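Please read the following points alongside the coordinates, as a colleague's note on what can be said from geometry alone.

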Amino acid sequence: MITARVIGLVLGYLFGLFPTGRLVGKAYQTDLRKEGSGNTGMTNSIRVLGWKAGVIVFFGDCLKAVAAMVIIWLLYRNTFPEAVKMLELYAGIGAVLGHNYPFYAKFKGGKGIACSVGIVFASDWRMVPICAVLFFLAVAPTGFMSLGSLAILSGFFVQTIVFGQMGFLKVGADFLIELYVVTGILTGLAFFQHRENIKRLVTGTENKFRPKKSEEKDAGRK
């Protein structure tokens, strides 16, 4: 079982290395690492390149986690049926780690929120509506994407515990606590990656989300 956990983490990490944002930026003749916040994730992609590019980056990063989790499910659904949900989560967090800390970029990557959203989808679609509501309740009145991102992960953590205790996740009792711990680590990682944003939120200096229209970006390249 330890081997299965390691395989999940390693597989996820390898999937997480796929540089979605950098490739989309190249298509737009832009290095996202040198524009806006310098992040290659969805938020900066929308801010710098526009909505179309941002949506592509978002779904690309989501799929990195989803793909890794699906493969782990296929590998272990029959071998460890009561633990496969937990093993999927190891693959998911591995994808986030690969996205956040790619070895080829001196371990400097993104914040892993899109990957984490992929984990929510792959874990249990019933968690998605509440996470979506929390996101919009956080972002709509404030304009702070960072606050919405943290709301998603917090909602996922709480729902995982609730769903687990209610038996919805079909995880064996021996693996429930570990499932909660791994989910807590994923949530803690999101807060750690947003530590500077949290400081700015506290001091009232956080940047609000202001997407740049694609046509403006195109005009700037002419």
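This is a predicted model: local features need pLDDT of at least 70, side-chain atom pairs count only at pLDDT 80 or more; totals for chains, interfaces and linings use all residues.

Which residues of α9 are buried? Residues are numbered from 1 along each chain as its sequence is written, and side-chain values use heavy atoms, with hydrogens and water left out.

1. In α9, the buried residues are Phe175, Leu176, Leu179, Tyr180, Val182, Thr183, Leu186, Thr187, Leu189, Ala190 and Gln193. Here buried means under 20% relative accessible area, exposed means over 50%, and partly exposed is in between, with a 1.4 Å probe and protein chains only. Helices (H or I, at least four residues) and strands (E, at least two) are DSSP runs numbered from the N terminus. The cover over the buried residues of α9 includes α1, α5, α6, α8 and α10, where contact means heavy atoms within 4.5 Å.

2. The length of α9 agrees with expectation, because its 21 residues should span 30 Å at 1.5 Å a residue and its end C-alpha atoms are 31 Å apart. The expected span of a helix is taken as 1.5 Å times one less than its number of residues.

3. His194 is placed in the loop between α9 (173–193) and α10 (195–203), and it counts as buried because its relative accessibility is 3%. Leaving aside neighbours within four places in sequence, His194 is in contact with Lys111, Ile113, Ser146, Ser149 and Leu150.

4. The largest nonpolar core has 48 residues, and those with the most contacts inside it are Met86, Ile119, Phe156, Leu179 and Leu186. Such a core is a set of buried Ala, Val, Leu, Ile, Met, Phe, Trp, Tyr and Cys residues joined through side-chain atoms within 4.5 Å. At least two residues of this core are supplied by each of α1 (2–16), α4 (51–76), α5 (84–100), α6 (113–123), α7 (128–139), α8 (145–166) and α9, and the largest share, 9 residues, comes from α5. Apart from this core lies another, of 7 residues, among them Val24, Tyr28, Val48 and Ala53.

5. What does Phe156 touch, not counting residues up to four places away in sequence? The residues are Leu89, Ile119, Val120, Ser123, Met127, Cys131, Thr183 and Leu186. In soluble globular proteins, nonpolar side chains tend to be buried together. By contrast, Leu14 lies in helix α1 and counts as exposed because its relative accessibility is 53%.

6. The structure holds 6 salt bridges, each defined as a side-chain nitrogen of Lys or Arg within 4 Å of a carboxyl oxygen of Asp or Glu. In one of them the side chains of Glu178 and Arg5 meet at 2.7 Å, N to O. Glu178 lies in helix α9 and Arg5 in helix α1, so this pair ties together parts that are 173 residues apart in sequence. Glu178 is partly exposed, with a relative accessible area of 22%, whereas Arg5 counts as buried at 16% relative accessibility.

7. Lys64 forms a salt bridge with Asp61, with the closest N and O atoms 3.2 Å apart. These two residues are separated by about one helical turn, because they are 3 residues apart in helix α4, and both Lys64 and Asp61 are buried. Lys199 likewise forms a salt bridge with Glu196, the closest N and O atoms being 3.6 Å apart, and both lie in helix α10, 3 residues apart, about one turn of the helix.

8. A search of the whole structure finds 5 aromatic pairs. Rings of Phe, Tyr and Trp (its six-membered ring) pair if their centres lie within 6.5 Å, and planes under 30 degrees apart count as stacked, over 60 as edge-to-face and the rest as tilted. Tyr76 and Phe80 form a tilted pair, 5.8 Å centre to centre with 35 degrees between the planes. The rings of Phe103 and Tyr104 have their centres 5.8 Å apart and their planes at 75 degrees, so this pair is edge-to-face.
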